[in-house]
Amino acid sequence: MKNSLSRLARSLCFTLTLALGGAAAAANGEPGGDDPLPAQELTPSTLYHFLLAEIAGARGQIGLSAQLYVDLARATRDPRIARRATEIALYSRDLRLTTEAATIWAESAPQSEEARRVLASARDAGGDGDLDLDAIQIQLARVLAQSSGRLAQNLLGLSRALAGVPDKQAAKTIINRLTEPYLDLPEAHIARAQAALLGQAPMEALAAVDRALELNHGWEPAVLLKAQILQQAGAGDEALRQLETELGHKPGSAILRQAYARGLVGAQRFDEARSQFRRLLEAHPGDAELRYAVGLLSQQLGDNADAEANFRLALDGGHPQPDLIRLQLGQIADARGDGEHAREWFGQISDERHLPEAVIRSAHSLAREHRLDEARALLQAQGGEASLRRRFAIAEAQLLRDAERPAEALGVLDAALATLPDDPDLLYEAAMLAERLDRIDLMETRLRRIIALQPDHVHAHNALGYSLADRNLRLTEAEALIGRALELAPDDPFILDSMGWVRFRRGDLDSALEHLERAYALRRDAEIAAHLGEVLWALDRRDDAKRIFGEALAAHPDNRLLNQTVLRLGAR
C-alpha cells in the first residue's frame, strides 16, 4: 500500500510539474515565453489543491474545478495556474470567477496581451457589455487542445460553456469551428447537434447526431439526444420508435429503458409506461424512485391498491421526498373514504412545500364527514405569510360553498380582502360567489378590478363576458370580453363555450354551433353539452340534441343546468 501511494504521488508530481513547467508554457503559445516565471514550489498544499481541481474537472464538476483553480491561483500568483483557472472559469460560465482569475493572470503576467484581452472582455460582460467571442473561442480552443484524456468530455461541454452567449447563431458558429479538428470523434458531432438545437436548427441537429451514430453505432448519449430532437420537432411517435428499436438491441440498458418509459408517459401511454418501469424494478427492486414512478402511474390508471403498495415501498426504501409520498398515500386513503387514515398521513407531513396542501386536504376530509366546524377551525388556525393565509381563506370559502352556504363563504373572502384588497385570486373567488348570490354589481366590480390589475387575466374576461351573456345583458360588450379571453387562450374549451353561448344569444346559430362543437370535442363537460344541445335544438336538429343530452346525462346525472335545460326544452 505504501509503495502504491508513493507511485501515485510521483505520478501527480510529474503531472503538476508539466503543468507548471516551461515546456507547458511554450506549448501554450504564451507570448513572451522566455519571460521570467516564478519558481513555484511544489508544496503538499499546492499538490493537494491541484489534485482536487483536476478530479473535479474529470468528474464534470466544472464549477467546483474553477473555484479550486482560482483559489490556487490566488495563493500562488503563478500566471500559468491563473491562465488555467481562467480557462476553466470561462468553461463554467462563471463571470465572477473568470474576472478574478483573469485579474490574477494579468497582474502576474503584465506582458501578456492575451491576459489583458480576456480580462477586458470579462469586465465588459460584467458591465452589461458583450463578451469578446474571439477571446472565448481562443480560450476554448486551448482547453480542447490541452484536454488530453478529457477531450471527449470537454467537447460535450461546449454548448454549456457558450450557453450564456445571447447570439445563438454566433455560438453555433464558434462550436462548429472549435470542433473542426475533431470530426473523427462522435462527441464533436454531438456538440454540433447541441449547438444547432440552441440555434433553432433541428434538421441540422438531427444530421449531426446521425453522423455521431455512424461513428459510434448505438451510442446511448446520441440515441437519447436524437429522441429529444425528434420530440421537440413534434415527432414524438418517431422518437418512441427509435428508442424502442435501440432498446431491442440493448434490452439491458437502464438508461434507454428509462428514456423509453418517460417517452411513453409523455405520450400518455400510461399502462405501457408502467410496464417499462416495472421491468426496471426487476433489475433494481430497491430503487425508491422507480417504486414511486410505478406508484404514480398506477394511481393515474386508477389502480390505487398497486399505487399504495408501491408508495409504501418507496417510503420504506428511503425516497428523498417522503412527505410527497405521504401526501399521495393520504389522497388514496381519502379517495376510498378512510378519512381517519388519510388525516394520519397528512398529519405526518412537515415539509413546508407540502404542508399547506396537507392541511387543506385534511379540512376537506373533515367536511366530508360533516365536521365542517372542525374543518374551518383547522384552516383558521394556520398562520404564515399572506399568500398562505389567502390560500387557506379560499379553501374555507370552498368548504362553505360546497355546504350551500355561499353568503358565509363570501364573508370569509371579504375578511381576507380587507387585508389583501388587490389579491387577484381572492377577488376572483369573491366575484364568483357574488354571482351565485345574484349580486351582479359586486361581481362586475371585482372582475373589472382584476382586469385593471392584470389586463391579460383570461378568466376574469371570460367570467364577466359569460355572466353578461347568460343574463342577455350588453351582448356586444360581453362578446368583446370573451373575444379577448379567446385571444389569450384560443383552445380553452370553456372560453369556446362562452363564445358559442354569446353568439347564440345574439342569434348567430351557425357560429354558436361551430364554437360549441369545438368546445365539446375538447372537453365532454355537462354545461357545454347543455349549451350545445340547446343550439342543436334551435337548429331543429333534435335527434342530435337528444343524443348529446343523453350522453351528458349518463355521465353527469345530477348536473343542475343540464337537467334544467332538458326539462325546459322537453327533450327527454
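**Pocket.** I began with the lining of the largest pocket, where H28 gives the most, with six residues. I took helices as DSSP runs (H or I, at least four residues), numbered from the N terminus. A pocket here is an open set of points on a 1 Å grid over the protein atoms alone, where a 1.4 Å probe fits, with protein on both sides within 12 Å along at least five of seven lines; lining residues have an atom within 4 Å of a point. The space in the largest pocket comes to about 1100 Å³, a volume being the space filled by probe spheres set on the points, which are joined across faces, edges and corners. I then looked up its centre: Met432, Glu435, Tyr466, Glu527 and Leu561 are the closest of the 27 lining residues. At least two lining residues come from each of H24, H26, H28, H30 (493-505), H32 and H34 (560-569).

**Ground rules.** I am working from a predicted model, so to speak with care: local features need pLDDT of at least 70, side-chain atom pairs count only at pLDDT 80 or more, and totals for chains, interfaces and linings use all residues. I number residues from 1 along each chain as its sequence is written, and side-chain values use heavy atoms, without hydrogens and water.

**Helix H26.** Next I turned to H26, residues 424-436, whose 13 residues reach 18 Å from first C-alpha to last, close to the 18 Å expected at 1.5 Å a residue (1.5 Å times one less than the number of residues). At its start, I found a side-chain oxygen of Asp423 within 3.1 Å of the backbone nitrogen of Asp425. Just after the helix, Asp438 has a positive phi of about 65°. Which residues of H26 are buried? I noted Met432 and Glu435 among them, along with Leu426, Leu427 and Ala430 (buried means under 20% relative accessible area, 1.4 Å probe, protein chains only). Their cover includes H24 (386-402), H25 (406-419), H27 (440-453) and H28 (458-470).

Terms used: Buried means under 20% relative accessible area, exposed over 50%, partly exposed in between (1.4 Å probe, protein chains only). Contact means heavy atoms within 4.5 Å. A polar contact is a pair of N or O atoms within 3.5 Å; within protein, one must be able to donate a hydrogen and the other to accept it, and residues adjacent in sequence count only if both atoms are side-chain atoms.
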